[in-house]
Amino acid sequence: MSHLHIPDGVLPVPVWLGGLLLAAFLLLLGVRGGRGAGARPVALQSTLAGVMLVIMALPVPITAFDYCMTLAGPVGVLLGAAGAMQVSFVVTLILALMGQGGFTVVGLNTLVLGLGAATARPVYLALVRPLRPAGAMAAATAVSQLLSSALWIALLWLSVRLSPALGSEHEVGHALRWVRGGVLAAVLLPLLAVAVGVESLLGYGLARFLDRVRPDLLPRPAGARTIAHEAPRS
C-alpha cells in the first residue's frame, strides 16, 4: 500500500509515461531550487535515503498483505518537499533494480511516495506547537501515508479505466479484488489503519529521539527559537 509492485508492461503507457514526466519535472524543480545549499543537506539526504531503503526492502506481513513501511513522513518533515522527492526517486529506482516493481513505474512510485512526503512538513509545522515535535511528527506521518495510499488506489483505478483488460493482470487484479465488493471497508481500511498507526509510532519515536539529541534537525515554525525548550503549555 505504500508503492506499486507492478512489473513492466502492465500499466497503460499514458499512465506510467505521464508519471515519469511529471516526476522528472518535479525533480528538476527541486534540483534548481537546491543549488548552493551546501554539503550538509546532501549528507542528510543520503543518510535518510539509506535508512528508507532498508525499511522499504523489508516487507511486514499483515494477514494477506505485505506492507512496506516507508519513513516517507519523517523524511518529508526533515528534508522538505524537494529533498523528499529526490530521496523517493533514488529509493524507488534502487528497489526496481531489486525487483520490487518495474522500471516503468519508477516515476509513479516517486510521485506516490514523494507527494505523500511533501505534505508532511506543512502538517508538522502547523501542529508542532500544540502537539510538540513527537506528536506533530506522528500526525504528519499519518497524513503522508494516507495520501500515498490514496494515490496508490487512484492510479490503479485510472489504469483499469484506461485499459479494462488490466483487471485480469495478477498484480493489478490482486489489489482491485480487495478494493471492490465492500472488502475495502471491511478488511482493507482496518489493515490500513494498523499500518498507518505503526508508521506513525515509528515517526513518533524518531522525533522524540531527535528532540533529545539533535533538535536542530527538526524544522521550526517561522519565528520560533526551539520547540523543545519552550515552556510547557498550562
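S88 is buried, with a relative accessible area of 1%, where buried means under 20% relative accessible area, exposed over 50% and partly exposed in between, with a 1.4 Å probe and protein chains only. The model is predicted, so that local features need pLDDT of at least 70 and side-chain atom pairs count only at pLDDT 80 or more, while totals for chains, interfaces and linings use all residues. Residues are numbered from 1 along each chain as its sequence is written, and side-chain values use heavy atoms, leaving out hydrogens and water.

S88 lies in helix α3, helices being DSSP runs of H or I with at least four residues and strands runs of E with at least two, numbered from the N terminus. Leaving aside residues up to four places away in sequence, S88 touches M52, T110, L113 and G114, contact meaning heavy atoms within 4.5 Å.

| Helix | Residues |
|---|---|
| α3 | 72-97 |
| α4 | 106-118 |

The axes of α3 and α4, which are lines fitted to C-alpha atoms over the stretch in contact, with angles from 0 to 180 degrees between N-to-C directions, come within 8 Å and cross at roughly 165°. The two helices are therefore roughly antiparallel, a term for angles over 145 degrees, whereas those under 35 count as roughly parallel, 65 to 115 as roughly perpendicular and the rest as oblique. Residues of α3 in this contact include S88, A84 and F89, and those of α4 include T110, L113 and G114.

The chain holds seven helices and two strands, and buried residues make up 44% of its 234 residues.
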